[in-house]
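Trainee: I am new to this one and would like to get to know it. Could we go through it together, one question at a time?

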Amino acid sequence: MPYEPPTHSVERSIRATTGARVVAGVDEVGRGAWAGPVTVCAAVTGLRRPPEGLTDSKLLTPKRRTELAARLEGWVTAHALGHATPQEIDELGMTAALRLAAVRALEALPVRPDAVILDGKHDYLGAPWRVRTVIKGDQACVAVAAASVLAKVRRDALMAELGRDHEEFAFGTNAGYPSPAHRAALAERGPTVHHRVSWAYMDALPRWRHLKKVRTHGPEEAAECGGQLGFDF
């Protein structure tokens, strides 16, 4: 399916209106998974022409994503990854876990960004970071698209590694999302240490419901529960 390639227009606007010199694109992967971390990538690309075919990672085949990620690692000015573990997600809630992972990524960059382009409409990062949110930024903005691909490929590889000790859950193919094999393994074997056990899916596992972690959360985090049944692989 044809798609418009991402541009530097948002970054140029930020530079022109704020005087920012270093602008990072930020994107996450794993928000709706039942297992594994949520992973955030921060990428600084400057205004150079991007590699051909760069776009939102979800629009690319696994083979193309992997090839593109290898090119991007040598092309971007800088990039860094941050993770929030399933235990941190259970303890903090997804919004706070996303912020934790994003801050870890941004602070791991060799230079602190003057501004951040964040994919989506919700600023889960906040002060002291100067943030511009862009809906479908992973399709529209070069730096966010680069972050999208790098985050997806790295997290998929991480989930495949975790899956070697839990082959019945098929993490190597579902990346922790609720595929049929994953659901069947959960019902039979219960959650692993890699599962987010505060999530609503635990209520549908009669044998393992007693393992659910109960966490008090506010209205904002209650709204997140709608994303717990999503697919992103």
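Trainee: Is Arg189 buried or exposed?
Mentor: Keep in mind that this is a predicted model. A residue needs over 50% relative accessible area to count as exposed. Arg189 comes to 51% relative accessibility, so the label for Arg189 is exposed.

Trainee: Which residue does Arg189 meet in a salt bridge?
Mentor: Arg189 belongs to helix H8, residues 180–189, while its partner lies in the loop between H6 and helix H7, so the pair ties together parts that are 21 residues apart in sequence. At 3.6 Å from N to O, the partner of Arg189 is Glu168.

Trainee: Which residues do salt bridges with shared partners join into one network?
Mentor: The structure holds 12 salt bridges. Some of them share partners, and the network joined in this way is made of Asp56, Lys58 and Asp138.

Trainee: Which helix holds both Lys152 and Asp156?
Mentor: Their side chains meet in a salt bridge, 3.2 Å from N to O. Lys152 is buried at 3%, whereas Asp156 is partly exposed at 22%. The two are four residues apart, about one turn of the helix, and that helix is H6, residues 142–163.

Trainee: How far apart are the closest N and O atoms of Arg64 and Glu67?
Mentor: Both residues lie in helix H2, residues 62–75, three residues apart, about one turn of the helix. Arg64 is partly exposed at 26% relative accessibility, and Glu67 is partly exposed at 36%. They form a salt bridge, and the closest N and O atoms are separated by 4.0 Å.

Trainee: Which side chain makes a polar contact with the side chain of Asp90?
Mentor: Asp90 sits in helix H3, residues 86–92, and is buried at 3% relative accessibility. Beyond its neighbours within four places in sequence, Asp90 is in contact with several residues, including His195, Trp199 and Lys213. The side chain of Asp90 also reaches the backbone nitrogen of Val197 at 3.1 Å. The side-chain partner, at 2.7 Å, is Ser198.

Trainee: How many disulfides does the count come to?
Mentor: A disulfide needs two cysteine sulfur atoms within 2.5 Å. For Cys41, which is buried at 0%, the nearest cysteine sulfur is that of Cys141, 14 Å away. Cys141 is buried too, at 2%, and is likewise in no disulfide. The count comes to zero.

Methods. Residues are numbered from 1 along each chain as its sequence is written. This is a predicted model: local features need pLDDT of at least 70, side-chain atom pairs count only at pLDDT 80 or more; totals for chains, interfaces and linings use all residues. Side-chain values use heavy atoms; hydrogens and water are left out. Buried means under 20% relative accessible area, exposed over 50%, partly exposed in between (1.4 Å probe, protein chains only). A polar contact is a pair of N or O atoms within 3.5 Å; within protein, one must be able to donate a hydrogen and the other to accept it, and residues adjacent in sequence count only if both atoms are side-chain atoms. Contact means heavy atoms within 4.5 Å.
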